Amino acid sequence: MFEEYAEILIGFIKAFAVGGLICAIAQVVINFTDLTAGKILVIFMLAGVVLQGLGVYQYLVDFAGAGATVPICGFGYLLANGGIRGAENGLFGALTGALSSASAGISAAVIFAFLAALVFKAKSKKN
Amino acid sequence: MTGKDRENYNKNYIEYVNSFAPPTKHFKNCIRTFFVGGLICTIGQFIRIILEKAFGLSGDELAGTTSMILIFLGCFLTGLGVYDRIGRNAGAGSIVPITGFANSVASPAMEFKTEGYIYGLAAKMFVVAGPIIVYGVLSGSLVGVIYWLLGLA
């Protein structure tokens, strides 16, 4: 029982450290290059795709759990993983696998953003 | 004033402005980013554990539901105007996690609702998320095709 709790606690610490570190790396990149948020998101997502394509990112996910899947590189990891898994079922699977594995995230973003836009009014940027 | 003159003038002006701006506090910035980003990931881990232990989810369903809940939280907090306030101080700490992706979808959707539901809300929704999906699908499918060609999968 105690060991189980300790394991969960260590999981939190790992997630905090790795997730924080990925964000800190992004901040360093922003500080030194003045890239906009959109470009940072695309670059980090592509980094996740490339790392998973090389089979590296899986180790980070196994190690840090949500610390590796919650940052946007985790989205890239998901896309690459879908493509790789789809490739087992031939070319069709390889082409469709990426987007179908990301469908949960994209569907949620579209649905909840639409609902938010219906319910809430945009606040002015000043306050 | 054209060409090189103008370039020089702009450069001098930027240097002049920079000489008055306070030096950016890189280190403090990064620490704050680290804590906010780490905290969001820890919340993600918390949701993951709850879903795993209490609802018995696993594998793709677990990962998908976790990110859906985080995206919901991101959109909800964006709607309340809380997320932008966090983002002002946290920099990349609030941009890089998936909640930042949700924010980048919900924020323009809310802002451009006044321009109509089709060319406003729906079109502007993908101002930031669109490139991510475009390059994500391109690169993800490319990885899949490479694995298929090499027969690695």
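Q: In DSSP terms, helices are runs of H or I with at least four residues, and strands are runs of E with at least two. How many helices and strands does chain A have on that count?

A: This is a predicted model, so everything we say here is about a prediction. Chain A has seven helices and zero strands. Reading from the N terminus, its elements go α-α-α-α-α-α-α.

Q: And how many helices and strands does chain B have?

A: Eight helices, again with zero strands. The order of elements in chain B is α-α-α-α-α-α-α-α, starting at the N terminus.

Q: How do I read the radius of gyration of chain A against the globule rule?

A: The idea is to set the C-alpha value beside what the rule gives for that number of residues. For chain A, the radius of gyration is 18 Å, while the rule gives 14 Å for 127 residues, so chain A is more spread out than a compact globule. Its C-alpha trace spans about 50 × 45 × 35 Å along the principal axes.

Q: What does the globule rule say about chain B?

A: For 153 residues the rule gives 15 Å, and the radius of gyration of chain B is 21 Å, well over that, so chain B too is more spread out than a compact globule. The principal axes of its C-alpha trace span about 65 × 40 × 40 Å.

Q: What share of each chain is buried?

A: Burial here means 20 or more other C-beta atoms within 10 Å. In chain B, 42% of the 153 residues do.

Q: How about sequence separation: what part of the contacts in chain A joins residues at least 24 apart?

A: Take the contacts between residues at least 6 apart in sequence; in chain A, 57% of those join residues at least 24 apart. For chain B, with a separation of 6 or more, the share from residues 24 or more positions apart is 54%.

Q: Moving to the interface, how many residues of chain B are in contact with chain A?

A: Interface size is often quoted as the accessible area lost when the parts come together. Here we have residue counts instead: 64 residues of chain B contact 65 residues of chain A. On the chain B side, helices H2 (26–54), H3 (59–80), H5 (92–95), H6 (98–111) and H8 (126–150) each supply at least two residues. The largest share, 16 residues, comes from H8(B). By class, that side of chain B splits into 38 nonpolar, 23 polar and three charged residues.

Q: Which residues of H5(A) and H6(A) meet?

A: On H5(A) they include Leu78(A), Gly82(A), Gly83(A), Gly86(A) and Ala87(A), and on H6(A) they include Gly93(A), Ala94(A), Gly97(A) and Ala98(A). The axes of H5(A) (72–87) and H6(A) come within 7 Å, crossing at roughly 145°, and the crossing is right-handed. The class tally is five nonpolar, nine polar and one charged.

Q: Why does Ala94(A) count as buried?

A: Because Ala94(A) has 27 C-beta neighbours inside 10 Å. Ala94(A) sits in H6(A), residues 91–101. Leaving out residues up to four places away in sequence, Ala94(A) touches Gly83(A), Gly86(A) and Ala87(A), plus Ser141(B), Gly144(B), Val145(B), Tyr147(B) and Trp148(B). From Ala94(A) to Gly82(A) is 12 residues in sequence and 7.9 Å in space, C-alpha to C-alpha.

Q: Is Asp34(A) buried or exposed?

A: Exposed, because Asp34(A) has 8 other C-beta atoms within 10 Å, and the cut-off is 12 or fewer. Asp34(A) lies in the loop between H1 and H2 (37–53) of chain A. Its phi is near 60°, a positive value in a residue other than glycine.

Q: And is His26(B) buried or exposed?

A: Exposed: His26(B) has 12 other C-beta atoms within 10 Å. His26(B) is in helix H2 of chain B.

Conventions. Residues numbered from 1 in each chain as written. Chains lettered and ligands numbered in written order. Predicted model: local features only at pLDDT ≥ 70, side-chain atom pairs only at ≥ 80, totals over all residues. Contact = placed C-beta atoms within 7 Å. Nonpolar A, V, L, I, M, F, W, Y, C, P; charged D, E, K, R; others polar. Rg over C-alpha atoms; globule rule 2.2 N^0.38 Å. Axes fitted to C-alpha atoms, helices over the stretch in contact; angles between N-to-C directions. Left-handed = near helix turned anticlockwise from the far one by under 90°.
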